[in-house]
Amino acid sequence: IFSAIAMAPRDPILGITEAFNADTNPAKINLGVGVYYDDNGKVPLLECVQKAEAKLMEQPTPRTYLPIEGLGAYDKAVQELVFGADSAVIQEKRAVTVQALGGTGALKIGADFLKRFAPDSQVYISDPSWENHRALFESAGFTVNNYAYYDAATHGVNFEGMLAALKAMPEGAIVVLHACCHNPTGAELNADQWGQVIEVVRANNLIPFLDMAYQGFGDGIAEDGAVVRRFTATPGPLLVSNSFSKSFSLYGERVGALSVVASTAEEAARLLSQLKRIVRTNYSNPPTHGGKVVATVLSTPELRQLWEDELAGMRVRIKQMRDELVKKLAEKAPGSDFEFVRKQVGMFSYSGLTKEQVEKLRAESIYAVDTGRICVAALNSKNIDRVVDAIAKVL
Ligand code: LMR
């Protein structure tokens with residue numbers, strides 16, 4: 001039975017990490033995966049996380065099963081972070097949240113849920129989008145289409161194209177939107193453009209699915225969550241996946257959540273019951289540790305403040321690396337114009353490097369995604385010169 005099974009291709013992002021791990025060059029640099037590294041090239045273990053873990057260890061608890069929907073304190077903290085503590089959807093009990101295995105796990109629960117209750121809808125993702133969006137929604141059984149998004153000529157958003165695509169979508173279509181820090185392009189809509197998007201989504205009865213994996217890496221926690229709040233101020237369904245992989249540097253703990261907004265508390269209770277069925281038949285219930293750590297940090301004022309400061313530190317360092325990259329490329333590759341890198345928001349830069357140029361970089365043990373996406377958060381004061389020299393060489 002297995003003899004006819006073909007080899008699957010490497011994952012376009014995590015496959016690069018596999019190749020990076022296999023590289024024996026001590027000077028190798030991984031600009032592929034979306035992971036934040038500090039200036040020493042290390043994935044940080046945040047102080048707020050260490051303090052929360054120490055606090056939890058003061059009173060060790062048995063590792064019994066969590067409820068199917070996850071730790072109550074975690075789900076509550078997530079709702080307050082994602083929707084705002086004073087949100088009407090929380091007060092009116094119209095939002096339901098299930099703890100999920102990272103942002104990817106949240107998207108998958110949402111995709112399975114939508115396939116069950118909107119089986120004929122098609123999914124629309126931005127062109128381009130995070131590589132796993134298409135694969136994930138296709139694996140849930142959907143046909144996945146693109147809507148216009150990136151304009152390579154301006155390195156910004158092709159807003160007219162995007163709006164026209166939204167207007168042309170059939171009623172009930174599922175639109176996946178990046179709430180902030182667009183992955184992979186770093187190109188963002190402005191507040192006015194978001195207003196227009198929300199208007200079309202609601203007028204045409206589309207189903208918005210906001211993916212928020214990088215809250216806090218753009219302009220700030222509340223600023224990056226603003227779009228979610230603006231959506232909740234309009235009537236209609238809403239799904240939001242969020243992740244603490246990056247913002248808490250808890251990649252391996254797989255801590256994320258799916259939140260769904262219903263029109264009444266009674267409807268919300270029915271939605272939760274169905275979400276629980278999906279979780280139960282996939283992995284039963286989520287793991288305890290990461291959820292406890294995040295809930296502890298978010299609900300303890302000093303730890304929460306520490307987290308906000310540490311997250312701000314990561315955000316600022318990424319912006320400094322953007323500036324350095326632009327300055328150094330201007331010196332080393334005169335005639336090139338990378339000014340746009342400064343305007344991009346979040347962890348990534350859609351650098352404009354071609355697949356061939358990315359391959360040449362790889363020959364020098366510098367790893368990027370084939371599309372030219374580089375993780376600016378992996379640059380540091382020690383490796384940036386080598387990266388700039390290598391880019392200047394392949395241009
Ligand atoms: C990325 O885009 O690199 C991250 O979101 C990690 C992943 O799972 O792909």
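How are helix 3 and helix 12 oriented to each other: oblique, roughly parallel or roughly perpendicular? The structure is a predicted model, and the values below are computed from it.

**Two helix pairs**

Two packed helices are described by the angle between their axes and the distance between the axes. Helix 3 covers residues 72-83 and helix 12 covers residues 289-299; they pack at an angle of about 55 degrees, and their axes are 9 Å apart. Angles under 35 degrees count as roughly parallel, and those from 65 to 115 as roughly perpendicular. Helix 3 and helix 12 are therefore oblique to each other. Their crossing is left-handed. On the side of helix 3, the contact is made by A73, Y74, A77 and L81. Helix 12 contributes G291, V294, A295, L298 and S299. Of the residues in this contact, 7 are nonpolar, 2 are polar and none is charged.

The second pair is helix 5 (residues 102-117) and helix 11 (residues 265-282), whose axes come within 10 Å and cross at roughly 115 degrees. This crossing of helix 5 and helix 11 is right-handed. Helix 5 makes the contact through I109, D112 and F113, and helix 11 through Q274, L275, I278 and V279. These residues of helix 5 and helix 11 divide into 5 nonpolar, 1 polar and 1 charged.

**The two sides of helix 7**

Helix 7 runs over residues 159-168, and its buried residues are M162, A165 and L166. Seen down the helix axis, the buried residues of helix 7 fall within an arc of 100 degrees, so they line one face of the helix. The other side of helix 7 has the exposed residues E160, K167 and A168.

| Pair | Separation in sequence | C-alpha to C-alpha distance |
|---|---|---|
| Q99 and N285 | 186 residues | 8.6 Å |
| I318 and V376 | 58 residues | 6.3 Å |
| L210 and V228 | 18 residues | 7.4 Å |

Q99 is placed in strand 2 (residues 95-101). A residue counts as buried if 20 or more other C-beta atoms lie within 10 Å of its own. Q99 has 31 such atoms within 10 Å, so Q99 is buried. Leaving aside neighbours within four places in sequence, Q99 is in contact with E69, G70, L71, Y74, D75, A257, P286 and G291. Among these, Y74 and G291 also belong to the contact between helix 3 and helix 12.

I318 lies in helix 13, which covers residues 301-332. I318 is buried, because 23 other C-beta atoms lie within 10 Å. Apart from its neighbours within four places in sequence, I318 is in contact with F217, M347, V376 and A377.

L210 is part of strand 8 (residues 207-212). With 21 C-beta neighbours inside 10 Å, L210 also counts as buried. Not counting residues up to four places away in sequence, L210 touches L177, A179, V227, V228, F231 and V240.

Most residues other than glycine have a negative phi, and most peptide bonds are trans. Where are the exceptions C181 and P184 found? Both lie in the loop between strand 7 and helix 8. C181 has a positive phi, near 50 degrees, and C181 is buried, with 26 other C-beta atoms within 10 Å. In the case of P184, the peptide bond from N183 is cis, with omega about 20 degrees.

Another cis peptide bond joins D127 and P128, with omega near 0 degrees. P128 is in the loop between strand 3 (123-127) and helix 6 (131-139).

S249 also has a positive phi, near 50 degrees, and is not a glycine. S249 lies in the loop between strand 9 (238-243) and strand 10 (255-261). Is S249 buried or exposed? S249 is buried, with 22 other C-beta atoms within 10 Å.

Definitions and conventions: Residues numbered from 1 in each chain as written. Predicted model: local features only at pLDDT ≥ 70, side-chain atom pairs only at ≥ 80, totals over all residues. Buried ≥ 20, exposed ≤ 12 C-beta atoms within 10 Å, placed from the backbone. Helix = DSSP H or I, 4+ residues; strand = E, 2+ residues; numbered from the N terminus. Arc of directions from axis to C-beta. Axes fitted to C-alpha atoms, helices over the stretch in contact; angles between N-to-C directions. Parallel < 35°, antiparallel > 145°, perpendicular 65-115°, else oblique. Left-handed = near helix turned anticlockwise from the far one by under 90°. Contact = placed C-beta atoms within 7 Å. Nonpolar A, V, L, I, M, F, W, Y, C, P; charged D, E, K, R; others polar.
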